[in-house]
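Me: Hey, I'm new to this one and want to get my bearings. Can you walk me through it?

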Amino acid sequence: MILVKPGPLGEPADRLLAKVSASGHAVVTGADTLRVALGGTSAVPGSQPPPLVTLAISDGPIVFDFLGFVQSLGDCRLRVLMLSRLGAHPDARAASLQRLWRLEEHLRGGGLPTLTLRFAPLVGPDAPLWKMLGTRPALGSQARKLVSPVAERDAVETLLRALDGRAMWHGWFEVASDDVVSLGDLSAMAARAPGEKTGGAWEPPLDEIAEHRLAESAPWAQHFGITPTPLVAWAGAGAR
């Protein structure tokens, strides 16, 4: 069972969890909804252990009382999934990246098993950034910015492996591809690839991308047993 904190998480977290839900994992919002979904079960001495609940948190528009929310959940085994973004740092210029860092630190100090995933820009047929770049927007000096985008299907597979117990629930990881490419070249790849180009958006915002450093993809790939999808897959027939 995946419990989302009250209010929307923001993108790409909401979209990734929707795809996880489509793969068979129940996703609910709020303590009351959780209790209904669990059927009002509670632990009784000698009975089955309390259900395992994954609390999904990201940098959404609503600030909430983490410890108070956890206490309101009652009797369940709880672990925390922090859906963060590449570039989270206390000295970041982008306020969003500063907030993510503070939230990461707050959760790590909460005493619960916590897994933090910092997602690089996501690419794929449905990814807003991929669609935006496919329109060949004017990038100016940002065209030379080096990025390590990751296939959205790799990001979803990472979540599925974590939830299914195929990866240990601890630590923080940069979810990014092995490939390094300029934002201008990535835009050219997206423009050549087939698929819908409307409905795009800067995800993450350009001010965040400007702060991205080269990511360390090996720890993530090894921990989750994933071979990152090569970027050339997006320049040809597209990812399916």
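Me: How many aromatic pairs does a search of the whole structure find?
Reply: The search turns up 1 aromatic pair. To count, ring centres of Phe, Tyr or Trp (its six-membered ring) must lie within 6.5 Å; planes under 30 degrees apart are stacked, over 60 edge-to-face, and the rest tilted. This is a predicted model, where local features need pLDDT of at least 70 and side-chain atom pairs need 80 or more, while totals for chains, interfaces and linings use all residues. Numbering runs from 1 along each chain as its sequence is written, and side-chain values use heavy atoms, leaving out hydrogens and water.

Me: Which residues form the aromatic pair?
Reply: Phe173 and Phe224, in an edge-to-face arrangement with 5.5 Å centre to centre and 80 degrees between the planes.

Me: And where do Phe173 and Phe224 sit?
Reply: Phe173 is in strand S9 (residues 172-175) and Phe224 in helix H9 (residues 218-224), so the pair links distant parts of the chain, 51 residues apart. Helices (H or I, at least four residues) and strands (E, at least two) are DSSP runs, numbered from the N terminus.

Me: Why does Phe224 count as buried?
Reply: Because its relative accessibility is 1%. Phe173 counts as buried too, at 9%. The cut-offs are under 20% relative accessible area for buried, over 50% for exposed, and partly exposed in between, using a 1.4 Å probe and protein chains only.

Me: New topic: what's up with Asp154, which is buried yet has no salt bridge?
Reply: The nearest side chain of opposite charge is Arg153, 4.6 Å away. A salt bridge takes a side-chain nitrogen of Lys or Arg within 4 Å of a carboxyl oxygen of Asp or Glu. For charge, Lys and Arg count as positive, Asp and Glu as negative, and His and the chain ends are not counted.

Me: Which backbone nitrogen lies 2.8 Å from a polar atom of the Asp154 side chain?
Reply: That's the backbone nitrogen of Thr229. Asp154 itself lies in helix H6 (residues 152-163).

Me: Which residue has a positive phi although it is not a glycine?
Reply: Arg136, with phi about 55 degrees. Arg136 is partly exposed, at 49% relative accessible area.

Conventions: Polar contact = N/O pair within 3.5 Å; in protein donor to acceptor, adjacent residues only side chain to side chain.
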